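Please read the following report with the sequence and the model side by side, and look up each element as it is named.

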Amino acid sequence: MLLYSGGMGTPSQSMRIGHGYDLHRLEATPPDGEGRPFILAGLPIEHEKGPVGHSDGDAVLHAVTDALLGALGAEDIGQQFPDTDPEWRDADSRQFLEHAVDMMQGAGMRLGNLDVTVICERPKISPYKETMIRNMAGILGVDPGLINIKGKTHEKVDAVGQGHAIEVHAVVLLHATD
Ligand SMILES: [Zn+2]
């Protein structure tokens, strides 16, 4: 585990910013493809395709986990939870984010705010926003008002625009707790 060495006493470390990015290929669910049940921010969503992945393929929780880990200067999600490790096969991605939250608290930091952008052609994200925000607020232990999520399409361009993949960006700001 690699944590930044600045220490909490230094003013330059009173805030930390982190960015996380994730992409999963979307395929039809078995027997027509290898798509898993579609899940975003811990919310199962009815869709004819699903993410291909080693864990549950929750691209939102993966991007948010990496944003937190990035802000802490810690090893990323792929290093800490390798997709070659059978322990993480079919894993509920909540545990990845819970681990990052533990690390954040251990480093003496708390969430300032979190902004998430989901890019996919379908399904539309807007009907699920509120529940996804509530789910993440629960895991992060914060007021839902600190979390924002928005959906965008890729204007039918490239693999994402043709519905073959989902992309998520997450930006997080952390504050020192004292
Ligand atoms: Zn992922």
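The names of elements follow DSSP runs numbered from the N terminus, where helices are H or I runs of at least four residues and strands are E runs of at least two. Residues are numbered from 1 along each chain as its sequence is written. Since the model is predicted, local features need pLDDT of at least 70 and side-chain atom pairs count only at pLDDT 80 or more, while totals for chains, interfaces and linings use all residues.

Which strands make up the open sheet, and in what order? Five strands form the sheet in the order β4-β1-β7-β5-β6, and the pairing is mixed; two strands pair if DSSP finds at least two bridges between them. β4 (49-51) and β6 are the edge strands, each with a single partner strand, so one side of each has no neighbour in the sheet. On average, and with direction ignored, neighbouring strands of this sheet are turned by 20° against each other.

| Strand pair | Bridges | Direction |
|---|---|---|
| β1 (residues 15-28) and β7 (residues 165-176) | 11 bridges | antiparallel |
| β5 and β7 | 10 bridges | antiparallel |
| β5 (residues 109-119) and β6 (residues 147-152) | six bridges | parallel |

Glu167 in β7 also stands opposite Leu23. Towards β6, Val116 stands opposite Ile149, and the bridge partner of Asp115 in β6 is Asn148.

From β5 the chain crosses through helix α4 (residues 129-140) to β6, and this β-α-β crossover is right-handed, a term used if, with the strands pointing away from the viewer, the path from the first strand over the helix to the second runs clockwise. Helix α4 packs on the sheet, where it touches β5 and β6, and its direction makes about 140° with that of β6. Such angles run from 0 to 180 degrees between N-to-C directions, and axes are lines fitted to C-alpha atoms, for helices over the stretch in contact.

Helix α1 (residues 59-72) and helix α3 (residues 94-106) pack at an angle of about 20°, with their axes 9 Å apart. That angle makes α1 roughly parallel to α3, a term that covers angles under 35 degrees, whereas those over 145 count as roughly antiparallel, 65 to 115 as roughly perpendicular and the rest as oblique. The contact includes Leu61, His62 and Val64 of α1 and Arg94, Phe96 and Leu97 of α3, where two residues are in contact if their C-beta atoms, placed from the backbone, lie within 7 Å.

Most residues other than glycine have a negative phi, and most peptide bonds are trans. The peptide bond from Pro30 to Pro31 is cis, with omega near 10°, and Pro31 has its place in the loop between β1 and β2 (39-40). Another cis peptide bond joins Arg122 and Pro123, with omega about -5°, and Pro123 lies in the loop between β5 and α4. Asp90, in the loop between α2 (77-80) and α3, has a phi near 60°, which is a positive value in a residue other than glycine.
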